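Take a walk through this fold, from its overall layout down to single side chains.

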Amino acid sequence: MPDLNVLIIGDNPLARMGLAALLAGQPGLLVAGQTAGANDLQAEIDLYTPDVIVWDWGWNTPDGIADARETGLPIVALLNHAGQAADARAAGVSGFLLDVTDADALAAAIT
């Protein structure tokens with residue numbers, strides 16, 4: 001079975017790089033790209049052709065989440081606190097975890 005291509009989205013470049021490093025060692029996953037997601041998200045999706053999006057939400061519901069949802073791609077949101085869970089569900093993400101999760105749990109959620 002081919003690897004799942006993952007696009008990492010998040011405002012914080014260090015968080016994106018950390019997520020990419022965590023996922024790099026996970027079998028069956030390939031980090032196709034990273035982006036802040038603030039610009040033309042569809043262009044980023046066309047460029048990286050992900051199978052799934054991992055979105056680091058930071059402290060607030062991110063701008064562009066509606067655009068990402070319209071792509072039909074599964075989105076795994078990483079939340080800073082459990083209080084964001086209702087917003088994540090309302091935004092239509094496929095799944096969500098707290099951002100303190102380990103690499104194995106994140107990989108399981110992605111697959």
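Buried means under 20% relative accessible area, exposed means over 50%, and partly exposed lies in between (1.4 Å probe, protein chains only). Helices (H or I, at least four residues) and strands (E, at least two) are DSSP runs, numbered from the N terminus. This is a predicted model: local features need pLDDT of at least 70, side-chain atom pairs count only at pLDDT 80 or more, and totals for chains, interfaces and linings use all residues. Residues are numbered from 1 along each chain as its sequence is written, and side-chain values use heavy atoms, leaving out hydrogens and water.

Start with the layout. The protein chain holds five helices and five strands. Along the sequence they follow the pattern β-α-β-α-β-α-β-α-β-α. Of its 111 residues, 37% count as buried. Contact means heavy atoms within 4.5 Å. Among contacts between residues at least 6 apart in sequence, 50% join residues at least 24 apart. The accessible surface comes to about 5900 Å², computed by the Shrake-Rupley method with a 1.4 Å probe, where for residues only the protein chains shown count as cover. Carbon and sulfur atoms hold 54% of that surface.

Now the interior. In soluble globular proteins, nonpolar side chains tend to be buried together. A nonpolar core is a set of buried Ala, Val, Leu, Ile, Met, Phe, Trp, Tyr and Cys residues joined through side-chain atoms within 4.5 Å. The largest one here has 14 residues, and Ile9, Ile45, Ile53, Trp55, Trp57 and Val93 have the most contacts inside it. Strand E1 (4–10), helix H2 (41–48), strand E3 (52–56), strand E4 (75–79) and helix H4 (85–91) each give two or more residues to this core. E4 supplies the largest share, three residues. Another core lies apart from it, with 13 residues, among them Leu23, Val52, Leu78 and Leu106.

Helix H1 (residues 13–24) comes next. How far apart should its ends be? The expected span is 1.5 Å times one less than the number of residues. For the twelve residues of H1 that gives 16 Å, and the end C-alpha atoms are 16 Å apart, which agrees. Its buried residues are Arg16, Leu19, Ala20 and Leu23. They cover an arc of only 100° around the axis, so they sit on the same side of H1. The arc is that of the directions from the helix axis to the C-beta atoms. Leu14 and Ala21 are exposed on the other side. The buried residues of H1 pack against E1, strand E2 (29–35), E3, E4 and helix H5 (103–110).

H5 can be read likewise. Ala103, Leu106, Ala107 and Ile110 are its buried residues. Their arc is only 100° around the axis, which puts them on the same side of H5. Asp104 and Ala108 are exposed on the face turned away. Cover for the buried residues includes E1, H1, E2, E3, E4 and strand E5 (95–98).

Is Gln26 buried or exposed? Gln26 is buried, because its relative accessible area is 14%. It touches Ala103, Asp104 and Ala107, not counting residues up to four places away in sequence.
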